[in-house]
Amino acid sequence: MPAASEQSPLSVVQTDSGGCLVLSVSGRVDHTNSASFLSELQAGTEASKPGPGMVIDLSQLEFITSAGLRGIVIANKAVADAGGKLAISGLKKTVAEVFRISRFDTLFPIGQSVEEAAALVTQ
Amino acid sequence: MAMKVKFWGTRGSIPTPALPLTQQSRIRSILQEAKPEDIVDDDAIDRFIGEGCRGALPTIYGGNTACVQITAEDGAELLIDFGSGAREFAGHVMADRGPVSTKPFNVLMSHLHWDHIMGFPFFVPAYIPGNVLNIYGCHDGMRAAFERQHGAPSFPVPFEVLGSEVHFHKIPPNEPFEIDGFEVTPYLLHHAGDAYAYRIRRDGADVTYASDGEHKPHLIGDNYPYIDFIRGTNLLIFDAQYSLAETVSVKEDWGHSSNFVGVELALLGEVDHLTFFHHEPLNSDEKLDEIVAEARQIERVMRENRKQVQITGAYDGLEITV
């Protein structure tokens, strides 16, 4: 966990997979940049309307803390309120452990790839 | 040793006795692991048990609700919360010191929810003339809460007939307060009806009791005031009743926290030892062991250049020296 003066690297890029908005997250989400992550998620949920929903691809994510995970819950609610679905894709080993230990793997559909997660959203 | 911490009750919400099926399963596991040489005589049996029955058993966490005893080197003592573990504590004290204690019982109350006061009607020293109980807390209405459960229709004996002297003392939050040589600082936690953590300092060591508190993930960071409250504490007794997923979804605002957030806070606060407390009644001993193991795993990943935090799960009867 870095000190407050340093901000962990974070990048969120919007793309499309078969008509489904994809947010590709790389870097690390922790208490130093979780507010930025939340803003990116909000922008993504707005951009996903009207549509089937959104995939958050975490295949390039190194680590995520509770504040980042909470952001995904908020995004999920916004997408669901608009009638869509949210799915997660590409959990690397460490992030998969975070999802398992936090029990976030019980909250969201998770696909191995972006395409698989997009299919979970659009089906 | 500066202080000894003994856990008399570690379960959250409601007492959780082990069911007969659980006991049968345990006996089966032990028998499956035992070799002939393990049971050849009493000494061998004692060794087998003492070494954990070759790993046949999980940690036995127990089922009493919150009650923790803190003892200083000079014998000064604080009790925290009157959960059902207080009944066990009372039995131990009376066997050790006789029915009338020469020193008062000084008790800190985190809050007045039922699981934290339910042991009081069974706290036998309260019935015996000559005993003195000083009950400290930050809530208004402490006496009323104790009286309400101690009389008809909830209990056959009215509060008024207690033979001991019972004094209630309201103390202010965020200010150090001295009780029998202990410096006690209360801190408000997010919990329905409020709960208070206590940082307790004595002889250069300190323990922080922080049960029944929820921490919103988006608030956690170097500037979260709670981090300063726990910073550098030797032992943080932490409510990890739920999973993180539960605390941000179906159980948001239920006023409890998770192992995951406990690790985050302990790392930021440079805590020496984090012990989980207020265990979920639905969780088996095996599940609680898993929660501790997973917390150690996430601590290793999350730590980076911060100080390592020792992580354990508190169980009824556990003693920790700080």
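A residue counts as buried if 20 or more other C-beta atoms lie within 10 Å of its own, as exposed if 12 or fewer do, and as partly exposed in between, with the C-beta atoms placed from the backbone. By that definition B:Asp81 is buried, since 28 other C-beta atoms lie within 10 Å. The structure is a predicted model, in which local features need pLDDT of at least 70 and side-chain atom pairs count only at pLDDT 80 or more, while totals for chains, interfaces and linings use all residues. Residues are numbered from 1 along each chain as its sequence is written, and chains are lettered from A and ligands numbered from 1 in the order in which they are written.

**Chain B as a whole**
- Chain B has nine helices and 14 strands, where helices (H or I, at least four residues) and strands (E, at least two) are DSSP runs numbered from the N terminus.
- Of the 322 residues in chain B, 44% are buried, and its C-alpha atoms fill a box of roughly 55 × 50 × 40 Å along the principal axes.

**Where the chains meet**
- In chain B, 24 residues are in contact with 21 residues of chain A, two residues being in contact if their C-beta atoms, placed from the backbone, lie within 7 Å.
- The elements that give two or more residues to this side of chain B are α7 (244-247), α8 (259-268) and α9 (285-303).

**The nonpolar core**
- A nonpolar core is a set of buried Ala, Val, Leu, Ile, Met, Phe, Trp, Tyr and Cys residues joined through C-beta atoms within 7 Å, and the largest one here has 115 residues.
- Among the residues with the most contacts inside this core are A:Val55, A:Ile56, B:Val68 and B:Tyr209.
- Leaving aside neighbours within four places in sequence, B:Tyr209 is in contact with residues including B:Val68, B:Ile80, B:Ser110 and B:Ile237.

**Backbone details in loops**
- B:Asp81, in the loop between β3 (77-80) and α3 (85-97) of chain B, has a phi near 70°, a positive value in a residue other than glycine.
- B:Asp194, in the loop between β8 (182-189) and β9 (195-202) of chain B, also has a positive phi of about 70°, but B:Asp194 is partly exposed, with 17 other C-beta atoms within 10 Å.
- The peptide bond from A:Lys49 to A:Pro50 is cis, with omega near -15°, and A:Pro50 is found in the loop between α1 (34-47) and β3 (53-64) of chain A.
- A cis peptide bond with omega of about 0° joins B:Ala152 and B:Pro153.
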